[in-house]
Amino acid sequence: PSFIRTMDCKNVLIEGIHIVGSSMWTIHILYSKNVVIRGVTVETYPGANTDGVDIDSSQDVLVSDSYFDTGDDGICLKSGKNVDGLRVSRPTENVAITNCTVHHAHGAVVLGSETSGGIRNVVASNIVCQSTEKGVRIKSTRGRGAVIENIRFDHWTMVDVPEAINVTNYYTRSPEEPVSERTPIFRNIAISNMTINRSPVMINIEGLPEMP
């Protein structure tokens with residue numbers, strides 16, 4: 001279970017706490033609105049599935065001035081999975097992430113792979129990541145559907161990140177199919193002002209043939 005979980009909550013402040021060794025997603029924000037996460041330290045490396053913060057089908061969220069050293073994603077935005085996510089159709093939207101440091105994560109700031117409610121209006125700025133597997137990561141797959149749009153990653157510094165920027169609709173492999181509500185769409189994404197040192201792969205983008 002998550003160390004901290006909000007569900008159907010409004011006006012939440014999580015501030016000034018230090019969490020070590022959580023066994024699953026550490027802070028899980030679900031179906032919530034007006035949430036501030038500030039001055040938090042999460043140290044869960046090298047545990048499996050130990051994301052730092054998961055923002056899931058929630059709106060109007062700020063994550064700032066925090067440190068994450070995790071066994072999975074550092075800060076991750078989600079919105080439901082496959083048929084159930086499409087049915088519920090609750091987006092994650094209006095999210096600001098700023099002045100954070102991420103260490104030893106699969107991805108520093110990640111959108112997906114559960115994207116079926118949509119993710120939109122996100123800014124991640126002034127981020128430092130060191131020795132994460134990936135820095136910027138956007139991931140979905142056939143069957144998840146919905147739209148990821150109006151996203152900005154700005155003013156980052158990455159050091160020793162094997163793959164700096166990763167965008168994929170092949171998070172899981174599946175046969176080609178006609179465009180439908182099951183087809184994920186990525187659009188209006190800006191990545192700017194990145195300082196990247198010692199990254200063997202700078203940018204890796206994989207689009208679907210039916211939705212380039």
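This is a short tour of a predicted model, one selection at a time.

**Stop 1: the core**

Start inside. Select I97 and W156. These two have the most contacts within the largest nonpolar core, which has 41 residues. In soluble globular proteins, nonpolar side chains tend to be buried together.

Now show what surrounds I97. Which residues is I97 in contact with, leaving aside neighbours within four places in sequence? The list runs V63, I75, L77, V109, V123, A124, S125 and I127.

**Stop 2: the aromatic pair**

The structure holds 1 aromatic pair. F153 and W156 form it: their ring centres are 6.0 Å apart and their planes stand at 75°. Planes over 60 degrees apart count as edge-to-face, so this pair is edge-to-face. Are the two residues buried or exposed? Both F153 and W156 are buried.

**Stop 3: the loop between β12 and β13**

Select residues 107–111 for β12 and 119–130 for β13, then look at the loop between them. S113 lies in this loop. Check the peptide bond from G112 to S113. The bond is cis, with omega near 5°. Most residues other than glycine have a negative phi, and most peptide bonds are trans.

S113 has a relative accessible area of 5%, so the residue counts as buried. Show its contacts next. Beyond its neighbours within four places in sequence, S113 touches K78, K139, S140, R144 and Y171. Two of these, K78 and K139, come up again at the next stop.

**Stop 4**

Side chains of opposite charge can pair when their charged atoms come close. How many salt bridges does a search of the whole structure find? The search finds 12.

Select E114 and K78. They form a salt bridge, with the closest N and O atoms 2.7 Å apart. This pair links distant parts of the chain: E114 sits in the loop between β12 and β13, K78 in strand β10, and 36 residues separate them. E114 is buried, at 18% relative accessible area. K78 is buried too, at 4%.

Next, select K139 and D73. Here the closest N and O atoms of the salt bridge are 3.4 Å apart. This pair also connects distant parts of the chain, 66 residues apart. K139 belongs to strand β14 (residues 134–139), while D73 lies in the loop between β9 (67–69) and β10 (75–78). Both K139 and D73 are buried.

**Stop 5: strand β18 and what follows**

Move to residues 201–206, strand β18. Pick E206 and R173. They form a salt bridge with the closest N and O atoms 2.9 Å apart. E206 is in strand β18, and R173 is in the loop between β16 (163–168) and β17 (185–197); the two are 33 residues apart. E206 is partly exposed, at 26% relative accessibility. R173 is exposed, with a relative accessible area of 60%.

I205 lies in β18 and is exposed, at 61% relative accessible area.

Step on to G207, in the segment after β18. G207 is partly exposed, with a relative accessible area of 41%. Draw a C-alpha to C-alpha distance from G207 to A190. The two are 16 Å apart in space and 17 residues apart in sequence.

**Stop 6: backbone details**

- P46 is in the loop between β6 (41–43) and β7 (53–56).
- N126: phi is near 55°, a positive value in a residue other than glycine. N126 lies in strand β13 and is partly exposed, at 39% relative accessibility.
- S131: phi is near 60°, again positive in a residue other than glycine. S131 is found in the loop between β13 and β14. At 29% relative accessibility, S131 counts as partly exposed.

Notes
Residues numbered from 1 in each chain as written. Predicted model: local features only at pLDDT ≥ 70, side-chain atom pairs only at ≥ 80, totals over all residues. Heavy atoms only, no water. Phe/Tyr/Trp six-rings, centres within 6.5 Å; stacked < 30°, edge-to-face > 60°. Buried < 20%, exposed > 50% of the residue type's maximum accessible area, 1.4 Å probe, protein only. Helix = DSSP H or I, 4+ residues; strand = E, 2+ residues; numbered from the N terminus. Contact = heavy atoms within 4.5 Å. Core = buried A, V, L, I, M, F, W, Y, C linked by side-chain atoms within 4.5 Å. Salt bridge = Lys/Arg side-chain N within 4 Å of Asp/Glu carboxyl O.
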